[in-house]
Amino acid sequence: MPTGPALLTDRYELTMVAAALADGTADRDCVFEVFARRLPHGRRYGVLAGTGRLLEALPDFRFTDEDLAALREQGLTDSRLLDWLAGFRFSGDVDGYAEGELFFPGSPVLTVRAPFAEGVLLETLVLSVLNHDSAIASAAARMVAAACERPCIEMGSRRTHEDAAVAAARAAYLVGFAATSNLEAGHRYGVPTTGTSAHAFTLLHDDEAAAFRAQVAALGVGTTLLVDTYDVDQGIRTAVEVAGPELGAIRLDSGDLPTLAAHARELLDSLGATGTRIIVTSDLDEFAIAGLMAAPVDGYGVGTSLVTGSGAPTAGMVYKLVARDGVPVAKRSEGKNSVGGRKSAVRRHDASGTATAEVVTSEPVLPRDGDRSLLVELVRGGELCAPATPREALAAARAHYERARDAMPAEAFALSRGDCAIETLTA
């Protein structure tokens, strides 16, 4: 069986390589750039995520004997192509925005310089990773902002592909989610994991009290009891009766959450459980979270909307050839133009440190006070510039996001539709 990421590739990448090998253009020095032409309608920023996962996969992007056999089965029998793939090792350079950086239309979030055949071969892997992870991170960042420092828990594993679930948990944690329900994300990336029980556990027992007693016996009084399997009021009373007033939390998973949360808080307080937290779930997104701001809610569990990008399941990034043998090239199709030439990018800030603009240009940028260069070296000569464990890479990305977020103007985090948080200047 194929074991690496090589076959996670569109066939046309290989047919282009085959043709380029045949006509002698495969070794032309090329520059490819990754950017989004636009943000989802009304969004004010995007968050770059997935760079760490991409760099983690790059050293393993090799075509094994099993991979080559799979290609032959699919009709790719060109011996020159197969011989080239058998010896393929990426030897180029990669620059990009640091993972966790905010991006805007036209931001060159990743730049690949390599011989044409090597560079074009990476397109599918690069875009599948960055488009997915950046979409999740961009949505999750809006949810964290709407929660106003109340913790958010990622719990979307049962609503997406099993591998996408792990990537989504990573992307959500990168932008400030407190924990995930996904155990593999905890194992691979060190994301804190959490979870207690579902309605099935309550229904398993003869009555709600028996279910609560079993859970408290196993997990302690600091656990979170799900109180809306039957009647919410009775569920809360039974929970406090079983666990006592030191009960850690209750969870509400259905109904009119703002009203239920307010009523639950009053009831808990009347029962002496004044420190018991209220966690809400049930198809939340950033708008539902914002709508609960005035309610006595202590945390949010988010699933489906998170792992689907809250209506924008892709970041819309593209991978375009912008230079060939040092000469700028550009696509000119209507509505899908690109700008030729390798770009540099800086973020401009005012005297208070607040971002004011992003400058993206094919020419050198004359630095000003407050400018921050956005492109960093990631790969040189096929070797990672700063090898890191998956956990180290995620921790660095989370820290970078916090710095970049804190430099944005306050209006960047409004949920209402609006223009990009800062202006992009191009030249």
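1. Helix α7 (residues 162–174) packs against helix α15 (residues 390–406) at an angle of about 40 degrees, and their axes are 8 Å apart. Keep in mind as you look that this is a predicted model. Two packed helices are described by the angle between their axes and the distance between the axes. Angles under 35 degrees would count as roughly parallel and 65 to 115 as roughly perpendicular, so α7 and α15 are oblique to each other.

2. Which residues make the contact between α7 and α15? From α7 come Arg170, Tyr173 and Leu174. On the α15 side they meet Ala393, Leu394, Ala397, Arg398 and Tyr401. Sorted by type, the residues of this contact are six nonpolar and two charged, with no polar ones.

3. Now for the backbone. Most residues other than glycine have a negative phi. Ser282 is not a glycine, yet its phi is positive, about 95 degrees. You'll find Ser282 in the loop between β10 (277–280) and α13 (286–291). Is Ser282 buried, partly exposed or exposed? Its relative accessibility is 29%, so Ser282 counts as partly exposed.

4. Asp325 is another one to look at: its phi is positive, at about 50 degrees, although Asp325 is not a glycine. Asp325 sits in the loop between β12 (317–324) and β13 (327–328). With a relative accessible area of 44%, Asp325 is partly exposed, as exposed would need over 50%.

Technical notes:
Residues are numbered from 1 along each chain as its sequence is written. This is a predicted model: local features need pLDDT of at least 70, side-chain atom pairs count only at pLDDT 80 or more; totals for chains, interfaces and linings use all residues. Side-chain values use heavy atoms; hydrogens and water are left out. Axes are lines fitted to C-alpha atoms, for helices over the stretch in contact, and angles run from 0 to 180 degrees between N-to-C directions. Helices (H or I, at least four residues) and strands (E, at least two) are DSSP runs, numbered from the N terminus. Angles under 35 degrees count as roughly parallel, over 145 as roughly antiparallel, 65 to 115 as roughly perpendicular and the rest as oblique. Contact means heavy atoms within 4.5 Å. Ala, Val, Leu, Ile, Met, Phe, Trp, Tyr, Cys and Pro count as nonpolar, Asp, Glu, Lys and Arg as charged, and the others, Gly among them, as polar. Buried means under 20% relative accessible area, exposed over 50%, partly exposed in between (1.4 Å probe, protein chains only).
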